[in-house]
Amino acid sequence: MMNPLRYVKALLGFGDVEAFWQARNEILKEPGKHRYAHILCKVIRKHYGAGIPVLPDINRFITPHGFYGIFISQRAKIGEGCTIFQQVTIGSNELQFGGAPTIGNNCLIGAGAKIIGNAHIGNNVRIGANAIVVDDVPDNCTVVMNKPRVIVRHTD
């Protein structure tokens with residue numbers, strides 16, 4: 001059972017990440033009937049600069065640095081046991097008839113990573129910091145960005 005004070009703190013933006021998850025669980029017990037879901041989303045947006053929908057397809061995930069800058073699409077799906085670092089985007093791509101990403105179980109998504117479109121990320125996948133993922137990733141893989149390279153050298 002949730003501490004009522006913690007629930008109120010979460011709705012007012014004074015709670016911590018744990019208070020958000022507990023308030024979210026209370027809201028999801030009666031989907032579509034709870035009037036506070038949109039308030040909780042607005043609080044998270046204002047307090048953390050994050051967009052995390054209160055939907056059953058998005059399982060609880062670990063956030064080592066809080067929700068700062070995390071954006072998750074309304075249609076995304078996130079499996080159990082995932083860790084998501086700050087400034088991550090899990091978004092839909094409406095421009096190319098794409099859906100939203102589906103993230104498997106036990107995935108780690110590094111700081112600043114972007115997963116865009118109808119990408120299906122398998123179980124036990126690690127996505128490195130600042131990686132951009134637009135294609136499917138099979139189970140048990142690690143994804144990182146290419147090594148930076150010089151494309152123009154300026155001479156002064």
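Colleague: Which conventions apply to the model, and how are residues numbered?
Modeller: This is a predicted model, in which local features need pLDDT of at least 70, side-chain atom pairs count only at pLDDT 80 or more, and totals for chains, interfaces and linings use all residues. Side-chain values use heavy atoms, with hydrogens and water left out, and residues are numbered along each chain, as its sequence is written, from 1.

Colleague: How many helices and strands does the protein have?
Modeller: Helices (H or I, at least four residues) and strands (E, at least two) are taken as DSSP runs and numbered from the N terminus. On that basis the protein has three helices and 12 strands.

Colleague: What percentage of the residues is buried?
Modeller: A residue counts as buried under 20% relative accessible area, as exposed over 50%, and as partly exposed in between, with a 1.4 Å probe and protein chains only. Of the 156 residues in the protein, the buried share is 42%.

Colleague: How many disulfides does the structure hold?
Modeller: A disulfide requires a pair of cysteine sulfur atoms within 2.5 Å. The sulfur nearest to that of Cys82 belongs to Cys107, 4.6 Å away, and Cys82 is in no disulfide; Cys107 is likewise in no disulfide. Cys82 is buried at 1% relative accessibility, and Cys107 is buried at 2%. The number of disulfides in the structure is zero.

Colleague: Which residues are in contact with Thr83, leaving aside neighbours within four places in sequence?
Modeller: Thr83 belongs to strand E4 (residues 83–84). Its relative accessibility is 14%, so Thr83 counts as buried. Contact means heavy atoms within 4.5 Å. With neighbours within four places in sequence set aside, the contacts of Thr83 are Ile62, Pro64, Cys107, Leu108 and Ile109.

Colleague: Is Gly69 buried or exposed?
Modeller: Gly69 is placed in the loop between strand E1 (64–67) and strand E2 (71–72). Beyond its neighbours within four places in sequence, Gly69 is in contact with Tyr48, Gly49, Ala50, Gln87 and Val88. At a relative accessible area of 18%, Gly69 is buried.

Colleague: Which strands stand at the edges of the sheet of four strands?
Modeller: Strands pair if DSSP finds at least two bridges between them. This open sheet has the order E2-E5-E8-E11, with parallel pairing. E2 is joined to strand E5 (residues 89–91) by two bridges, and Phe71 stands opposite Thr89 in E5. Each edge strand has a single partner, so one side is left without a neighbour in the sheet; these strands are E2 and E11.

Colleague: Which residue in E6 stands opposite Ile78?
Modeller: Three strands form an open sheet with parallel pairing in the order E3-E6-E9, and its edge strands are E3 (77–78) and E9 (120–121). Two bridges join E3 to the parallel strand E6 (residues 102–103). The residue opposite Ile78 is Ile103.

Colleague: What accessible area do Ile132, Val134 and Met145 have together?
Modeller: Val134 lies in the loop between strand E11 (132–133) and strand E12 (142–143). Ile132, Val134 and Met145 form a nonpolar patch on the surface. By the Shrake-Rupley method with a 1.4 Å probe, where for residues only the protein chains shown count as cover, their area together is about 280 Å².

Conventions
Patches are made of residues with over 30% relative accessible area and no salt bridge: like charges are joined within 9 Å, nonpolar side chains (Val, Leu, Ile, Met, Phe, Trp, Tyr) within 5 Å. A salt bridge is a side-chain nitrogen of Lys or Arg within 4 Å of a carboxyl oxygen of Asp or Glu.
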